[in-house]
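Here are my notes on the model, point by point. Have the structure open while you read them.

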Amino acid sequence: METKKIVYPGDKIETGDLKPRNGMYESNSEFFSEYFGVIQESEKFVDVAPFNSPYLPRVNDKIIGKIMDIGPTMWTVDINSPYYSLLHMNDTPWHVSSGDLERYLKVGDYVYARISVSNEIKESWISLRDNGMRKLETGRIISVKPPKVPRVIGKGGNMINIIKTYTDTKIIVGQNGFIWVDGEIDNVKKAIDAIRIVEKEAHTIGLTDRMEEYLKKMKGEN
Amino acid sequence: MEGNIKLIRDDGLRLDGRANNEMRPIKIQTGVVDRADGSAFIEWGANKIIVAVYVREAYPKHAQNIDRAIVKARYNMSGYSVEERKRPGPDRRTMEISKVVSEALSSAIVLEKLPRAEVDVFIQVLEADAGTRIASLTASSVAVADAGVPMRDLVVGCTAGKADGKIVLDLSKDEDNFGQADIPMAILPRTGKVVLLQLDGDVTEEEFNQATSMMMEAMPRISEIQRNALMDKYSLEDGE
């Protein structure tokens with residue numbers, strides 16, 4: 001199985017004509033990797049895509065969060081990150097009055113939300129006042145490593161779409177690595193298995209085709 | 001006691017049959033603790049150490065550093081990890097090791113990338129056989145890289161010392177107990193910057209230089225083991 005070029009922290013990155021971007025630091029006008037990961041070259045840029053890294057909040061990311069704590073006007077939300085996020089009662093579609101937050105979201109509930117504000121010290125606020133943003137009522141939540149999320153989604157969403165079609169489930173992928181899967185229990189199990197394979201083999205080439213084959217075979221079995 | 005104990009055999013090898021500049025076998029494995037962000041298990045000779053790394057918002061809030069992360073390594077020895085039972089809990093020695101390991105790791109981690117955060121490094125020594133601070137640091141550095149915490153380099157460490165009047169690499173338990181000096185050192189291999197250097201005992205300047213150059217020679221070999229440990233987790237998956 002072919003893999004991309006792997007680098008370790010401190011390894012020199014040959015940028016060539018491309019501009020260095022994420023995951024590296026400069027020293028004496030040379031670039032070195034900050035992560036254990038793979039080199040990713042696009043048209044203009046070189047990035048180091050880490051195999052693992054904590055999720056850091058970014059504005060407009062659509063994420064899945066878990067309610068951790070309830071205050072008089074705000075919920076504290078776990079967003080699969082070292083940093084907690086906050087959800088203010090006015091950023092919800094409901095008419096919440098202060099001190100009455102538990103009626104709407106309890107500790108342990110999950111929400112699909114957008115990060116509306118994030119600052120340089122990684123404080124963030126999320127909002128439910130957007131299209132499609134809501135409380136997640138049924139289904140199961142799994143978590144994958146945040147850097148694997150783009151691979152789970154695939155180019156233009158094709159990876160997640162084939163998983164959805166072949167397993168007949170509803171899936172929402174939060175950009176923070178939490179994934180919501182809903183449907184028949186057996187289908188949900190199959191979808192989760194498929195996502196785990198993508199997470200494991202994210203750094204290999206030609207994964208989408210292999211996954212389609214795998215899913216076809218799985219469907220053919222019953 | 002000193003002088004009575006023979007640490008170098010007549011054939012010039014050490015008691016365990018190693019040459020002067022030979023290390024004990026090292027084995028590192030990553031991803032051994034599921035719920036940790038990163039983890040590593042190291043077997044360095046008879047040392048067995050497990051390390052788990054967690055990244056989170058520093059708590060309590062007043063302990064947070066507004067513009068960078070803090071690194072908290074906690075070295076802990078199991079009661080029966082040593083010949084004579086060690087009374088559990090922190091003591092002067094373990095607190096010292098926690099401190100030097102934290103500081104060595106801090107110089108490798110890109111702290112500014114994780115403001116207000118805390119990188120918790122839990123080091124549990126299951127079996128100790130000389131050189132645990134360096135083994136802990138070597139494993140911690142792998143565990144931190146496994147956690148995906150941005151690092152400038154993988155910290156790598158090694159020890160040397162003086163036994164029976166001779167400079168030897170990677171002291172064994174007997175050489176540590178009955179030798180004349182013990183020098184642990186850790187560096188950032190890319191730049192060669194020293195991030196940990198301690199000396200316990202007596203050596204001349206010449207012997208000290210000899211010890212450090214011996215260690216510098218051994219560092220790339222340990223570095224290679226660290227890298228292979230990180231890689232193993234992914235190549236296994238390739239083999240499917």
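1. Strands here are DSSP runs of type E with at least two residues, helices are H or I runs of at least four, and both are numbered from the N terminus. Two strands count as paired if DSSP finds at least two bridges between them.

2. Before going on, a word on the basis. This is a predicted model, in which local features need pLDDT of at least 70 and side-chain atom pairs count only at pLDDT 80 or more, while totals for chains, interfaces and linings use all residues. Residues are numbered from 1 along each chain as its sequence is written, with chains lettered from A and ligands numbered from 1 in the order in which they are written.

3. Back in that sheet, E6 (residues 37-41) and E7 (residues 45-50) of chain A run antiparallel and are joined by five bridges. Look for Gln40(A), which stands opposite Asp47(A) in E7(A).

4. Chain A also has an open sheet of three strands, ordered E2-E5-E4 and paired antiparallel. Strand E2 (12-13) and strand E4 (24-27) of chain A are its edge strands. Two bridges link E2(A) to E5 (residues 30-33) of chain A, and Ile13(A) has Phe31(A) as its bridge partner.

5. Now the helices. H2 (residues 158-167) and H3 (residues 185-200) of chain A have axes that come within 9 Å and cross at roughly 155° (axes are lines fitted to C-alpha atoms over the stretch in contact, and angles run from 0 to 180 degrees between N-to-C directions). That is why H2(A) is roughly antiparallel to H3(A), a label used for angles over 145 degrees. Met159(A), Ile163(A) and Thr167(A) of H2(A) take part in the contact, and residues of H3(A) in it include Ala191(A) and Ile195(A); contact means C-beta atoms, placed from the backbone, within 7 Å.

6. Finally, the interface: chain B puts 28 residues into the contact and chain A 25 residues. On the chain B side, strand E3 (47-57), helix H2 (132-146) and helix H4 (205-238) of chain B each give two or more residues. H4(B) gives the most, with six residues.

Note on methods:
Parallel < 35°, antiparallel > 145°, perpendicular 65-115°, else oblique. Contact = placed C-beta atoms within 7 Å.
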